[in-house]
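Here are a few notes to read alongside the model. Keep the sequence and the 3D view open as you go through the points.

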Amino acid sequence: MQVSETSMGVDNRKMAMWIFLGSEFLFFGAFISTYLLYFDRTNGGPGVEIFDIPFTSVSSFVLLMSSLTMVLAHHAHTQGDMRRMRMWTLATALQGMVFIGGQVYEFSKFNLEGLGLTTSPFSSSFFVLTGFHGAHVTIGILMLLALWWLSHTGKVREDQPLKTEIIGLYWHFVDIIWVIIFTVVYLIPAG
Amino acid sequence: MSDTTTHEHHPTPRLYVEIALTLGVLTAMEVSTFVIDFAWGALPLLIVLMSIKFALVGGFFMHLKFDIRFYTRIVATGLFLAIGLYAIVLTTWLGVPGFFGN
Amino acid sequence: MSSATATAPKRMLARPMAETGWKSWLTTVDHKKIGIMYGALALFFFLVGGLEAVLVRLQLAQAESTLLSEEAYNQLFTMHGITMVFMVVMPMAAAFFNFFIPLQIGARDVAFPRLNAFSLWTFLFAGLFLYSSFFLGGAPNGGWFGYAPLSTAIPGNNMAFYAVGLQIAGLSSLVASVNFLTTIFNMRAPGMTMMRMPMFIWMAIVVQFLLLFSLPIIAVALFELTFDVNFSTNFFQTASGGDPVLWQHLFWLFGHPEVYILILPAMGIVSEVLPVFSRKPLFGYAAVAFAGAAIAFMGFGVWVHHMFAVGLSPVAESAFALSTMFIAVPTGIKIFNWIFTMWGGQLTFTAAMKFAIGFVAMFTIGGLSGVSHAVVPHNAQQTDTYYIVAHFHYVLFGGAMFGIVSGMYYWWPKMFGKMLSEKLGSWHFWTWFLGFNLAFAPMHLSGLLGQPRRTAVLPEELGPTVEMYNLISTVGALIIVVSTMIFLVNIFQSWRSDEKAPADPWDARTLEWLTTSPPKAHNFDVIPTVTARDEFWHRKYAETEAGAAVPIPAGASDDHDPDGDHGEHIHMPHPSYWPLFMTVAFPILGYSVIYRSLIGGVIGALWMLVGMFGWVIEPLAEGDDESAAAAAH
């Protein structure tokens with residue numbers, strides 16, 4: 001349908017993405033709550049003192065800045081500037097990859113220091129929460145790369161900024177969840 | 001394809017960069033709680049900072065401030081439902097024997 | 001379009017184009033066909049779930065029976081619950097949502113037709129996956145509610161199938177909720193404001209919101225359970241500090257909204273059927289709509305009433321006792337409005353109407369026992385007894401199933417272009433009503449006399465009265481079997497019959513009756529413009545000053561386009577194999593988790609990626625260059 005003919009005057013796909021994002025709060029909220037219940041149940045293993053706040057701050061900053069490049073990618077698309085759109089889209093994906101790389105490093109280090117998936121309720125809830133977030137970021141990276149590729153092949157055209165916008169909404173949401181996780185999982189318990 | 005949203009105040013790239021810088025400053029303030037001892041003030045400070053970052057990303061980067069209110073309502077419903085329900089769940093573990101919690 | 005399958009030479013696998021033939025059902029994106037498939041599958045699972053129930057009842061017909069082993073019994077009652085909740089009632093509702101939401105709002109399809117097909121196939125694979133467990137070591141046997149840590153400690157893969165199977169099923173409904181909400185909010189016909197929508201659509205909105213916000217919670221619970229079972233995490237392991245009560249919270253945070261998900265569609269159906277066969281509009285439309293929303297909202301705030309025996313504090317329990325009692329208020333509002341709808345109306349007791357009235361009566365009984373559960377001290381007596389079993393069967397069978405069957409009799413002509421026999425329908429109703437009450441009424445008594453739930457052997461020490469009640473229940477169950485067979489005969493004779501149903505056999509009120517029976521692929525030749533609630537009725541009838549309905553001669557009560565081409569130009573989405581292709585990844589992933597196969601997991605993940613990519617680059621209809629904008633006119 002043409003957007004002008006829809007009951008609420010918006011594109012179905014954008015509405016669907018927002019509805020989906022509304023549900024994701026319940027998803028991450030449950031994992032965060034599990035973590036809040038268990039963050040001090042360390043079963044004799046390491047606790048929150050194992051966190052490397054400076055390191056995680058840097059990777060959090062990277063993810064946060066990737067939201068900037070994402071929104072610049074969308075803006076470029078609305079201007080029909082596909083070259084810049086592709087550049088910013090790729091930049092966003094790359095920052096996402098840096099974030100994931102940071103997590104992989106961080107988790108490996110924790111493993112070596114005695115904090116594994118199965119060590120304690122604390123460790124299980126930490127790794128599963130951040131792991132699912134990381135999985136969401138990874139899916140976002142794949143979508144960004146697909147967007148980048150398809151704008152090359154012409155499947156994503158310059159008069160279709162909505163496609164970039166919708167992927168952007170997902171990306172910003174994943175960033176927001178990390179904003180919450182960084183504070184609630186890392187900063188508050190470690191402080 | 002494009003929304004029939006109110007685009008009169010469509011943010012410019014300049015505004016986006018300003019917001020990003022603000023987010024950076026807010027993050028630095030958050031991290032400072034790790035080095036500076038705010039005592040009992042750390043928790044509310046962190047929550048406030050986190051909420052401001054959330055609102056900035058949601059309102060501007062996700063364009064909620066300029067889009068139909070339906071989107072904000074859906075997301076607010078999810079958010080407040082989550083906070084409310086999980087807060088209640090967690091309070092059942094608070095240890096005020098006989099009165100609240102187990 | 002022609003039914004040829006060879007089209008663009010550049011494509012490796014050509015797009016399926018057929019609209020007829022059995023293969024077209026596998027690739028269809030038509031909401032009506034998808035709805036029929038949901039209904040057929042749900043009916044099949046109803047027979048399976050019913051068989052499980054009959055076996056349980058045969059075991060319990062006598063004290064100290066050795067008909068079934070305890071292991072077999074545990075699998076049967078667990079699968080009976082899972083099947084009836086997830087494979088019968090929910091998909092039945094999905095069948096009606098699919099078929100009738102677009103028709104009732106004056107649209108040609110849902111917002112995302114391929115995603116719709118995806119939901120259907122995901123549901124099918126979830127069911128097959130769950131049932132495959134019978135052949136792979138044993139079916140889930142820890143209760144449909146899977147309480148930890150028992151569910152993490154039972155030897156074997158039974159509960160792993162539970163965790164993974166339900167996860168897949170949940171995804172089906174979550175995706176569907178996004179689809180339906182977008183459809184209802186954004187695709188209504190011109191003039192159809194929210195307050196002019198049929199009540200079935202209001203209930204559909206409420207149910208989709210409940211699904212949207214509750215399914216993620218059980219998804220997390222099931223992930224945590226899966227990880228404990230398969231990857232040795234510590235979510236519910238007390239030895240390392242885990243807390244099984246967390247499972248209960250997460251499960252019931254979903255589980256309570258789930259019961260409203262189960263009942264509200266039937267309430268929506270009854271809100272359609274009663275006015276039609278009373279020849280009166282629904283009494284208190286706004287109150288009924290608002291009450292539905294209130295039930296949903298409050299439904300999120302009562303879950304702890306499933307945990308009154310866990311040992312939480314008196315403050316918590318009191319708060320939830322109150323909220324549980326309050327939820328009876330909007331429910332009562334609906335019941336009164338249904339009764340007032342019938343009051344003073346010209347009643348016709350068709351089969352659909354009988355089942356709808358049966359719903360109101362039986363659900364009220366179930367609701368009353370429910371309110372008694374809210375009294376915390378009495379709950380301590382009732383919990384884990386057959387009193388609870390009586391309650392939820394009154395609301396789920398007496399409620400949801402009666403309502404669903406009412407919908408089947410009501411909407412059958414529209415869906416299939418054939419009528420169901422009213423005579424057989426009447427036999428069906430009365431035997432169903434008799435069997436149902438015989439089966440479940442005695443359970444109130446045997447429960448209060450101490451018969452425990454989920455116990456394979458009926459203990460002799462409960463005495464001969466309890467044993468007699470159980471025997472009566474078993475007889476009731478067998479009468480339900482006979483009744484169901486009458487229903488199946490009715491369906492069969494309708495299928496064999498040549499008699500075509502008219503477009504509007506019931507002189508009904510809502511837009512779906514404007515279309516042919518069954519509707520054309522594109523639903524409406526001309527999208528109707530809506531000027532009132534019960535739009536279709538107002539096209540047929542004007543009201544005299546005394547309020548009587550007077551037929552309007554040559555009223556615009558059929559969908560015809562006098563100068564038009566009967567929809568030849570209408571551009572509908574084309575079939576697609578991507579939804580079915582993609583859902584094959586779910587059993588692959590599921591079995592990989594259960595059998596801890598990394599390579600299987602990688603294959604499954606790649607399969608999904610390929611499926612998603614293929615889907616995204618395929619246009620909704622061939623020749624489009626914009627995937628969603630062509631959702632037809």
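**Notes on the predicted complex**

1. Let's start with confidence. Chain C has an average pLDDT of 93, and 94% of its residues score at least 70; pLDDT is the predictor's confidence in each residue, from 0 to 100. For the complex, the predictor gives an ipTM of 0.97 and a pTM of 0.95.

2. Some housekeeping. This is a predicted model, in which local features need pLDDT of at least 70 and side-chain atom pairs count only at pLDDT 80 or more, while totals for chains, interfaces and linings use all residues. Residues are numbered from 1 along each chain as its sequence is written, and chains are lettered from A and ligands numbered from 1 in the order in which they are written.

3. Which parts of chain C have pLDDT under 50? Residues 1–10 of chain C do, and the model has 16 contacts beyond four places in sequence for them. So do residues 627–633 of chain C, with 23 such contacts. A contact here means that two residues have their C-beta atoms, placed from the backbone, within 7 Å. Where pLDDT is low, the predicted coordinates should not be read in detail.

4. Now for chain B. Its secondary structure comes to three helices and zero strands, in the order α-α-α along the sequence. Helices (H or I, at least four residues) and strands (E, at least two) are DSSP runs, numbered from the N terminus. Chain B has 102 residues, and 28% of them are buried. Buried means that 20 or more other C-beta atoms lie within 10 Å of the residue's own; exposed means 12 or fewer, and partly exposed is in between, with C-beta atoms placed from the backbone. Of the contacts in chain B with a separation of 6 or more, 43% are between residues 24 or more positions apart.

5. How does chain B meet chain A? In chain B, 39 residues are in contact with 45 residues of chain A. Helices H1 (13–35), H2 (42–61) and H3 (69–91) of chain B each give two or more residues to that side, and H3(B) provides the largest share, twelve residues. The chain B side divides into 28 nonpolar, eight polar and three charged residues. For these classes, Ala, Val, Leu, Ile, Met, Phe, Trp, Tyr, Cys and Pro count as nonpolar, Asp, Glu, Lys and Arg as charged, and the others, Gly among them, as polar.

6. Chain A also touches chain C, in a contact that takes 31 residues from chain A and 34 residues from chain C. On the chain A side, helix H1 (12–38) and helix H4 (121–153) are the elements that give two or more residues. The largest share, 15 residues, comes from H1(A). By class, the chain A side has 16 nonpolar, eleven polar and four charged residues.

7. Have a look at the cis peptide bonds in chain C. One joins Ala148(C) and Pro149(C), with omega about 0°; Pro149(C) sits in the loop between helix H4 (113–132) and helix H5 (150–153) of chain C. Another joins Ser517(C) and Pro518(C), with omega about -5°, and Pro518(C) is in the loop between helix H16 (464–496) and helix H17 (535–540) of chain C.

8. Asn43(A) has phi near 50° and lies in the loop between H1 and helix H2 (53–78) of chain A. Why does Asn43(A) count as buried? Because 20 other C-beta atoms are within 10 Å of Asn43(A). Asp534(C), with a positive phi of about 55°, is in the loop between H16 and H17 of chain C. Asp534(C) has 20 C-beta neighbours inside 10 Å, so Asp534(C) counts as buried.
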